[in-house]
Every structure is written in C-alpha cells, then in structure tokens.
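Q: I have a complex to look over. Could you take me through it?

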Amino acid sequence: MAHASVSADHGHHDDEQHIAHVTPIKVYFAVWAALIVGTVITVAVSYVDFNVILGVPNVNLFVAMIVAITKALLVCAFFMHLKYDNKIFAVTFASAAIFLAIFFLLTFSDLMTRGQVDDKQGTFVKDHRAQQQVAPSATPQRSAH
Amino acid sequence: MSGSHHDNPYLAHHFDTPRQQLEANKLGIWLFLGQEIMFFSALFVGLMIFRSWYPQMYHTAAHELSVPQGAFNTIVLICSSLTMALAVRWAQMDVPNNNRTVFWLCLATFALAGVFLVVKYFEYSHKIHVGTLPGKFFDPSNPEFPAALKQFDNAKLFFGFYFCLTGLHGIHVLAGMGVIGWIMVRARRNEFNSKNFAAVECVGLYWHLVDLVWIFLFPLLYLVG
Amino acid sequence: MSVAATASGRVPHYLEAGKGIKSWLVTLDHKRIGVMYLWSVLGAFLLGGLAAILVRTELWSTGQTIMDANAYNRMFTLHGAAMVFLFIIPSVPAALGNILLPIMLGAKDVAFPRLNLASYYIYLVGALFALAAIAFGGVDTGWTFYTPYSTSDKVANTAVMMTFAAFVLGFSSIFTGINFIVTVHKLRAPGITWFRMPLFVWAIYSTAILQVLATPVLAITLLLFMVERTFGIGIFDATIGGDPVLFQHFFWFYSHPAVYIMILPGMGIISELTSTFSRRPIFGYTAVAFSSVALAIFSFLVWGHHMFVSGQSEYASALFSFLTFFVALPSGVKMFNWLGTMYKGSISFASPNLYAMAFMFLFSIGGLTGIFLGALSTDVHLTDSYFVVAHFHYVMMGGTIFAFFGGIHYWWPKTFGVTYNEGLAKIAVALQFIGFNITFFSQFILGTRGMPRRYFNYPPDFEELHRISTIGSYIVFAGFLLTAWYLIASLRKEKNAGDNPWHSVALEWQTSSPPPVENFVETPKIKHGPYDYDHPDAAPLVLASASSNRKAS
Ligand SMILES: [Cu+2]
C-alpha cells in the first residue's frame, strides 16, 4: 500500500472489524502547503489583466477556475479521503457536480442567446447592458481598506 | 437477534458489521454534501449570468471588495481544514490521549472559524458604512459611497449576490462551529477510538465542504471582476 | 429477536409492539413512520380534493357561482400547492416506500431511523406553515409562485409563508431521499443483488436521486424569492437589471424532475402489480430497471419546455424541445414491458390490478399528450390552456394517484393485516375511472378550443363542457369517499388477511402480515428474484418460521 499506515495493527482493508484508514501526517501537511501556494498564485495572477494583454475575454476567469478546481480536488482526494475510500462516495459527489454543470449550461443556453432570432425576445425593461460602454475604468484599481 | 455483533456497543441494531455502519454513515453525509452543492448552485448560476450580462458593473463592483481580507480568510479556512483533517486522523487511532488531541485540534478549528467570522464582520461593517448593501439598503446617496459605482444603478445586484452567497456560507460556518463544538464535548468524554470515529469523520467532511465553497467563492467574487 | 414473544408463542407484529399515542410519536420503526405518513398525506389529499371540488363547482356556470374571483384564485392555488407539496410528492415514497422498502430488501430498518422520524416531523412543520398561510388569507399566485407577479405588491405577504412551507417540506423530501439511497446501497440482505431488487425499489431509488439532487434547488429558489420579496435584492426584478424568467429556470430545474419524483414511484408500483396479478415474471426486468434511472437523468435536461412562451431564447426552446422527446423512450420501454408481462398471463381482476390497468390506459393518454406539448410549435398554441391542465392531470392523477391507490389496496393486508370489501373496491375503481375521464377528457376539448387555465370566467359557449367536467369531478369524489369508507371500515375487523393473500413470490410477502418489528424473524436468505413465478424454489410459501408463528395464533 502506497499510503503506509501508522497504527501497527492496521492494514486489512476488507476486515469488517478494523475500519479506520489512517493517512500519514506528512500527506496532510503537503496538501495544506499546496493549498496555500494555490491561494497565493490565484491572488497574484488576479493583479495581471490577461483579458487586456491577450485581447481575449475571460482568461482571468479561466485561470482562477483552473486553480480553484485543482485546490478543490486536493481537498476532496486527501482531506476528505476520497482517494482511499469506497468509490461510491466520489461518484455521489461527482454526480452533484455534473448536474451543477448541466444547470449552468442549459440556463446559459437561454440567457446568452436571447434576441438573436427575434429581437423582441431579447427586450429589456431598461437595457443596463448599454452602461458598459460608458466610462471604462480600464485597469484594475483596487480600493485600499 | 443473537448475532455476536451485538457485543459491539457502537453498532446499531439494524447493522450487521462496523464497516457496513461506517460506510452507510459516510454515504449519508456525502449525499448531504451533494445536496449542499445543489443548494448553492442557483446562486452561482445567477452570479455568473449577471457577470456575463454586465461585465463593466461586475468589474467595478468587485473591486470594491478587499482582496487582502478575502485572501486572509481563504488562508484561515485552509488552515482550519488541516486541523479538522488531523482531528479525524487522531480520532481514528488507538493511541494514548488521542481524545485529548482531538479536542485541541477541534478547538483550533473552532477558533479559526471564529477568526473567519470576525474578518467577515469587518468586511460587512465597511459595506454598511459606505452603503454598498443589497436591495433596498443599497444607498448611493451615502457620502462615502464609492464614486466609481455611482454610474451603475444595477450595482445593487452584485451586492445582493455578495451578501446572499457570503451570508449563506457564513450560516454554514456557524453550523459547522456548532457541530465541531459537539465533537469537542464528546472528545472530552473520551468517546472516540478506532472503532468509533464516524461522527468526527462526518463533521470533518462537512467542514471541508464549507472550505470548498469558499475556494470557489473567493476568486469569483473578489478576483475575476 | 429483540421483541419478546407473546404468550401464544407468536412474534408480535409492529402494530402491537407498543401501545398508546406516545409509542407512535417517538417510534423509529420505518413501518410506523410510513403509516403516519400515509394518514398525513391522505389528509392532505382530502384537503386538496375539497379545494378541487370547490373550484369545479365555481366553474359550473359563467360568472360568479359560489365564490368571487379572488377566492377562486386562492382556491386553485390551495388545490395545486396541497396536492403537489403535501400529497403527491411524499405520497408513494414517504408512505408506501417507508413501509415497504426495507422489507423488500430484507433489512431491519432504513439506514437512519432517527433521520426518518425527523423527516416526518419536518413534513408536519411544513404542513403547519402551509395551513397557516391558508388561514391568514391564502395565496393567489398558483403553486408555481411566478415572478414578477409574486414579488409585486398585488400579492399578500402570506406568499412568503407559503413558500417557506414548501422550503421546509423540501428538506423533508431530501432527508427521505438520502435515507433510501443509503438503505438500498448498504442494507440489502444477503442474496439480494442489484438485479434481484423489486422494480418498486429501483423506482424509489431513482426517485431518491432526484429528491437529493433537485430539491435543494427548489429550496434556494424559494429562499431567493423570500429575500427578493423582503429586501428587494433585484435578482428577479427586470427594472434594475434582474430577470424574472430566471426564477422560472430555477423553479423548473427542480419542478420538472419533481414530476418524476411524483410519477416514478407510481410506475414502480405498477411493475409489482402487473407481475403479481398476471402470475408471470416481469417482462424485460433489466430494461424496466434502467428505464427508471434513465428517466431520472433525462428529467434534468428538459425543464425549459415549461418556458416556451416566457421570453426564453428560441435556441434554448428548440434545444429543450428536442431533449424532451427523449423522455418518451424510457416511458415507452416501461409501458411495452408491462403489456409484455400481461401477455398470455393469467390476469386477475382484483381491485389493485384494476387500478394498474386504469393507470396504463390513463398514463398512455397523459404521456402521449405530453409529446404534443413538448413539440415547440404545438405548445405555443396550447400553453396555459385546459389542454395542459388535462395533460398533467392524466399523468399526476390518472398516473400517480391511481398507482398510489393500487398500491394501497395491494399492500393494505401487508400493512394492517386486514382485507377490505372487494366488491365495493371494484365499484370505487369504476367510479373513479369513469369520473376521471369525464372530468378531464372534456378539458382536452376545452383546451383545444381556447379555454385558458386558471380563469374564473369563460364565454357561454364553454358552459356545457365545463358542466360535464364538473359532474365528472363529483363522480370521482364519490368514488374516493367510497374507498375511504370501506378501507376505514376494514380496520375494525379482525386481522384475517393471512400472510400472503395474493400468493406473490416477492420477498415482502414472505414474512407475516403485519410484519414483526424488525420485519423478519430471521434474516432472509434470498435465492430468487421477486418475480420468479417459474423458479422451482419459488412456490409461494411463507418462510417456515413466520408461517408457524401465524398458525400458532
Ligand atoms: Cu416538465
């Protein structure tokens, strides 16, 4: 077993009486360090506006989500023991994530395409989207608190 | 029933083996975590929709949030996840004084959760001070209202989502503190050992979910404007 | 066995395992919790049914008949909300599912008995809030609570109380779902493989997936609605840049799967009834089992078909319409397999099977008219007409409620150990079936002629069809009163049903009726599936220990 067990009498996965799976302490600290590094990266990257530099929208969102998903997978795999546990737990959690993705995709399929066939279908009471052309405060200016 | 398993005081009457009982408990809590994801889902969907509809408003409003405070809270929650994971680890081990270690690790987790809420309090009170609040409390006439936001009369949408998401997450933090406190009481009574740790593990799983939600909330609200 | 035998040597059944009201209120026995759910949902059915009768009576003539327009709006909202949230959603899973699922799996209880009792009390709290909302003046939004009307000043604040009730009821449903999924995964007795589970269990399992993954979206939607109404955060308010149609997306993301929370368990009952009363193994067991799971998954992909005329984009409408047709596949699989099971079977016309056959007839009509409505171009004309009302009543009432009552009749001897008056039952089924078709077939015609749903008034041309519909509703109501009478009367009788009155080979009939507290005197060893009427070991005999107990009494 790659994950050496700490308690001496442990190691029988299938034994119905010995049920604890103890993860080595250094794994927990390594994951913790990786999470801190990920946080530092995601904050640092947010001060660079890739959207402007590359001229492509949502690059920053993409980078931030890659980092966040990596962090989430680390938490799930090690802190939440999904790597060692019965796979049914991972399937349960993943199915929620899949239905979340469906929720996103199908809702966006409506809200991002209104008014493209019949412009009355995209009518707004007052089109707040027009405001985005006004006053572009171009570079990220964070207010200091 | 005269089965030998009734000699095990930790085994409920309708289970046959400790493994069956542990896996049932864990499957139950994982399903609960799955429903928590779906519970938060609509807020995330709505937030991202309005971000796509009104990128300039979102950009400007997001920059009114304090990244240092948000980042600090992210670190606090990551540390609390570590102490919680270690508490589960010690609850699983038959070593001397393991319940004492569980108690102190849970206390550390509890304290870090408290720090998170204190920082949140400072963030909220700043917004109350300048009037960047949701719905009918949104107040552009406040003298300290951020000048950059005055041109967006739909900016209250952003703060509606900010307060709903962080408020709901904060309620989950409070609930987590409650169940961690319950684990501390039971650790004081020396209840946990390698045959009886499911309660600590389930509370731990819940606490990691609270961390997971924040791992996504922080960049989406504070960073990707 | 944890329960001491009575003086006669017979193991006491769960109804005698404790006396007095307190032994019920704090019980952790899944069967007793199921029985409490059964009486509660039947109470809600009565409430919703009375509201329906008042709605139909008001529509007897044009203009005002017995109530004014405001009272009428509150009455149909009461009918919809009570029927959906208080009756149909908990009906089959929480009542029959609780009573039967652990027995069918050879388990002693559900995985989390305390959580099970807690869900019942959460249900009661939700029901109390709903009743309070009615007492404080009611709600006139319809059970769908659509924004922007529901967030406007025109709607009374009782709307918040009513949505809070639905929010609470949702958590009851979520906890039941979690309990059932874990029970199916972890508490099956030795020998019950996944493909030896009764199809009712497959249906309840698929339903539970929906309860756990879809219901929280209703909870957050209603929470957002309450926050929007109280603080005006603007998410559903078009005047500050929000989107009222977003509420419909959120609402139907739950409420379309909720349609399958309502119908899937009913389909599971029909699978049990068809096999038992045709004395044949179920035709295409695997296909029927997977069609339940497929329906559960597809149901997450089609919610936009409720929004074709809401202002939803044409691309999304076309996509949702396309996806909706896929739902017909697993539904068709079920229907043809039931017919295949009955083909060349020795079909009994006992009242539960009459309900099952009524289900197949009515659900076919309900399902096929659903295809009309899923088709984009037809739906634009039929939206919000009586055609829609008739369609979903053929599915929800002709489907789920007929299946539910079929199940109640089938498992009545199992649950209470008594038989009801079969002659009266046959008359009741006939009244309900005939009355139902009179009520709702006329509404298909009204709908195609342009009668909009939820309207207080209508042109005189429609009066004749409305009167036919109202008369039909009285016939249905008489049928259900008759059912209530003979079922309640049967409870006063001696427990005379025997352990296995239908001679079924399914596991739940292999223990005594009513079952003992932990369901089986010994953990059963299962050697064949629930429909193996042709299996050599499957002589419909009761397990030796249970039958000797029975004889001793
Ligand atoms: Cu639908």
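A: A term for metal sites comes first: donors are N, O and S atoms within 2.8 Å of the metal (3.2 Å for Na, K and Ca), and water is not among the atoms, so sites may look incomplete. This is a predicted model, in which local features need pLDDT of at least 70, side-chain atom pairs count only at pLDDT 80 or more, and totals for chains, interfaces and linings use all residues. Side-chain values use heavy atoms, with hydrogens and water left out; residues are numbered from 1 along each chain as its sequence is written, and chains are lettered from A and ligands numbered from 1 in the order in which they are written.

Q: Which residues coordinate the copper ion?
A: The donors are C:His256 through ND1, and C:His305 and C:His306 through NE2, at 1.8 to 2.0 Å. Their spacing in sequence is H-x48-H-H.

Q: Where do C:His256 and C:His306 sit in the chain?
A: C:His256 lies in helix α7 of chain C, and C:His306 in the loop between α8 (285-298) and α9, 50 residues apart. Helices here are DSSP runs (H or I, at least four residues), as strands are (E, at least two), numbered from the N terminus.

Q: Turning to the interfaces, how many residues are in contact between chain A and chain B?
A: 71 residues of chain A are in contact with 69 residues of chain B, contact being heavy atoms within 4.5 Å. The two chains bury about 6,300 Å² between them, and 71% of that is on carbon and sulfur atoms. Buried area is the accessible area (1.4 Å probe) that two parts lose on being put together, summed over both.

Q: What salt bridge is found there?
A: B:Lys26 and A:Asp85 pair through their side chains at 2.8 Å, N to O.

Q: Which elements of chain A supply the side that touches chain B?
A: α1 (25-46), α3 (59-79) and α4 (87-111) of chain A each supply at least two residues. The largest share, twelve residues, comes from α4(A).

Q: And how much area is buried between chain C and chain A?
A: About 2,100 Å², with carbon and sulfur atoms giving 70%. C:Leu213, C:Glu314 and C:Tyr315 supply 23% of the area that chain C buries against chain A, more than any other three residues. There are 26 residues of chain C in contact with 20 residues of chain A.

Q: Which residues form the salt bridge between those two chains?
A: A:Arg114 pairs with C:Asp243, with the closest N and O atoms 3.0 Å apart.

Q: Where is C:Lys108, and what does C:Lys108 pair with?
A: C:Lys108 meets B:Asp16 in a salt bridge at 3.6 Å, N to O. The pair crosses between chains, from the segment before α1 (18-53) of chain B to the loop between α3 (69-104) and α4 (113-135) of chain C.

Q: Where is confidence lowest in chain C?
A: Among the helices and other elements of chain C, helix α16 (residues 544-552) is lowest at a mean of 37, whereas helix α14 (residues 422-448) is highest at 97. These are pLDDT values, the predictor's confidence in each residue, from 0 to 100. pLDDT also stays under 50 over residues 540-553 of chain C and over residues 1-7 of chain C. Where pLDDT is low, the predicted coordinates should not be read in detail.

Q: What ipTM and pTM does the complex have?
A: The predictor gives an ipTM of 0.93 and a pTM of 0.91.

Technical notes: Salt bridge = Lys/Arg side-chain N within 4 Å of Asp/Glu carboxyl O.
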